[in-house]
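Welcome! Have a look at the sequence and the structure below, and then read through the briefing that follows.

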Amino acid sequence: MARAPEESGPGDGPDPGRWAMLSVLCASLLLVAMDATILNVALPSLIDDLRPGPLEQLWIIDIYGLILGGLLVTTGAVGDRWGRKRLFLLGFVLFGVASVLAATAHSSLQLIGGRVLLGLGGAMVMPSTLSLIRNIFTNARERALAIGVWAAVAGAGACVGPLVGGFLVEHFAWQAAFWVNVPVVVVTVAAGVRLLPEYRAPQAGGLDWPGAALSVVGIVALAWGIKHIAKGSPHPSDVGALVLGVALIALFAWHQLRLDDPLLDVRLFREGPFLAAALATLLAMLAVGAALFLISLWLQYVHGYSPAEAGLRTLPSALAMLAGSLSSPWLMHHAGVRAVLAAGLGALAGGFLLLALAPEPVTYPVVAVVLAGIGLGDGLAITASASVLVSAVPAERAGQAGAVSETAYELGVGLGVALLGSIHAAVFSGHMTGLPLRGHDLGTARGSVGGAAEVARRVGGDTGRRVLEASRAAFDQALTTTAYVSAGIVVAVTLLTVFMVPRGFKVTGGH
């Protein structure tokens, strides 16, 4: 068993079991990352069973990422103080319990509740994985490789989530997308108890509970406001939530500057590379999360693929993600961080521009190339960003780096589905005109592509065919608009990255 850092001296060599430890951390990370996207292809079956409305559908998908994003700063600080192994194991046990709750859901409300608890468990696990890597791998080159593996697993989990979910839904039911977590949790917890070392910050103070409350409520209020304003015709309470979220996050930053032992050292954001890495992660995942969600729906509803067939057709993204993540450490060493970040974000922007400029109706070969560009860009950019963030803090504050990286990642995915998903829904609804429907059927068909498919099945005949054709054309048009918005976001963050990261900037061994 490796000793805690307060017991280790500068002459200690690397732990011989470090790669086995990494495998345990990656097994947990794979499940947590998969759960961000595994329901994308299961959503049609879930809709048929539980009959959630359009708003409930969005909450079922994105509440997981929003809870994760809201809690990561707090859980990262708890791990630094209480023990990262202890927090990791407790969080993964909760993740398993929440999976059972979600798998046995008989209502949309219970499923959303299960996803909330999954987010809480994931928030305890994810910063622990990255902070433990910071402690276990003391050599900068080895750490960069370990982070590359970590990023590959995180990205691959998000990309293969639809493939695994599709296989499970087609051969079993949507509940299997949650049941699959349970045996992996049992095995991983048992291995973690035996293999993982415990680390905690020496002489750490108590937890800043007022700061924790400000961060959680601020992020959730901000996400709520963005989500509902993006849907159009916002209620004054939605604008109020957005303003409240911004105000609470600003108050949190001011509060942290006054503390000797803050939850998050916000002074780190004064450093250009650190801020650029955080922004690159947040905004890249905002675009990627929405793209994977919408493309999964496109494959099933527009082209009629089964869940397993749809999941299989998302593989170009997973394979390209692996290539980008594993090559990123070598590229950073030889070309520098700025070049890798710019290349990764450029590949992302290129993928979205291709999707935006493709003639309608969009075909799968185009989407396959788009997915490959998204995966490659995501792998390069996220690995480089995580390496910058982890190396910027001392080992005893590694939980802070993990929290920033994971908050940006998960909040980006959640906000992407909420914001870009809502924009897509608004454009889709605007193009669903001239339908031979009235009343409830018309509202359902205009609400979502899934609703249109449900109405088409129910009414049948020529009317059903016309509804399907209209929904497929509207979905393509909305996808084009969303791709333009995504490309604009990624181009903007690419320019910011080139401006904020010095030429030749290299990742070091940390403080």
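## A patch, a core and a few salt bridges

On the surface, Leu319, Leu322 and Leu326 form a nonpolar patch whose accessible area together is about 270 Å². Keep in mind that you are looking at a predicted model. The points below start with the chain as a whole, and then visit individual residues.

**The whole chain**

- The secondary structure of the protein chain consists of 19 helices and 0 strands.
- The protein chain has 511 residues, and 58% of them are buried.
- Its accessible surface comes to about 18,700 Å², and carbon and sulfur atoms account for 68% of that surface.
- What share of the contacts with a separation of 6 or more joins residues 24 or more positions apart? The share is 83% in the protein chain.

**Back to the surface patch**

- Leucine 326, one of the three leucines in the nonpolar patch, sits in helix α13, which covers residues 315-335.

**The nonpolar core**

- The largest nonpolar core contains 151 residues. Leu39, Leu111, Trp174 and Trp298 are the ones with the most contacts inside it.
- Which helix gives the largest share of this core? That is helix α11 (residues 272-302), with 21 residues.
- Setting aside residues up to four places away in sequence, leucine 111 touches Leu46, Leu50, Ile60, Ala102, Ala105, Trp174 and Phe178.
- One of these partners, Trp174, is also among the residues with the most contacts inside the core.

**Aspartate 208, in a loop**

- Where does aspartate 208 lie? You will find aspartate 208 in the loop between α8 (181-195) and α9 (209-230).
- Aspartate 208 counts as buried, because its relative accessibility is 10% and the buried class is under 20%.
- A polar atom of the aspartate 208 side chain lies 3.2 Å from the backbone nitrogen of glycine 211.

- Histidine 228 belongs to helix α9, and with a relative accessibility of 11% histidine 228 counts as buried.
- How far apart are histidine 228 and alanine 241 in sequence and in space? They are 13 residues apart in sequence, and their C-alpha atoms are 9.6 Å apart.
- Threonine 494 has its place in helix α19, which spans residues 461-500. At 14% relative accessibility, threonine 494 also counts as buried.
- Apart from neighbours within four places in sequence, threonine 494 is in contact with Ala342, Leu345 and Gly346.

**Salt bridges**

- How many salt bridges are there? The count comes to 4 salt bridges, including the ones described here.
- In one of them, glutamate 454 pairs with arginine 458, and their closest N and O atoms are 3.5 Å apart.
- Why are glutamate 454 and arginine 458 separated by about one helical turn? It is because they are 4 residues apart in helix α18 (residues 449-459).
- Arginine 458 is partly exposed, with a relative accessible area of 44%.
- Arginine 465 forms a salt bridge with aspartate 462, with 2.3 Å between the closest N and O atoms. Because these two residues are 3 residues apart in helix α19, about one helical turn separates arginine 465 and aspartate 462.
- Both partners are partly exposed: the relative accessible area is 39% for arginine 465 and 45% for aspartate 462.
- Arginine 465 also meets glutamate 469 in a salt bridge, at 3.0 Å from N to O. Glutamate 469 and arginine 465 are 4 residues apart in helix α19, so about one helical turn separates them.
- Through salt bridges that share partners, Asp462, Arg465 and Glu469 are joined into one network.
- Glutamate 469 is partly exposed too, with a relative accessible area of 44%.

Definitions and conventions. Residues numbered from 1 in each chain as written. Predicted model: local features only at pLDDT ≥ 70, side-chain atom pairs only at ≥ 80, totals over all residues. Heavy atoms only, no water. Buried < 20%, exposed > 50% of the residue type's maximum accessible area, 1.4 Å probe, protein only. Polar contact = N/O pair within 3.5 Å; in protein donor to acceptor, adjacent residues only side chain to side chain. Patch = residues over 30% accessible without salt bridge, like charges linked within 9 Å, V, L, I, M, F, W, Y side chains within 5 Å. Areas by Shrake-Rupley, 256 points an atom, 1.4 Å probe, with all protein chains shown as cover. Salt bridge = Lys/Arg side-chain N within 4 Å of Asp/Glu carboxyl O. Contact = heavy atoms within 4.5 Å. Core = buried A, V, L, I, M, F, W, Y, C linked by side-chain atoms within 4.5 Å.
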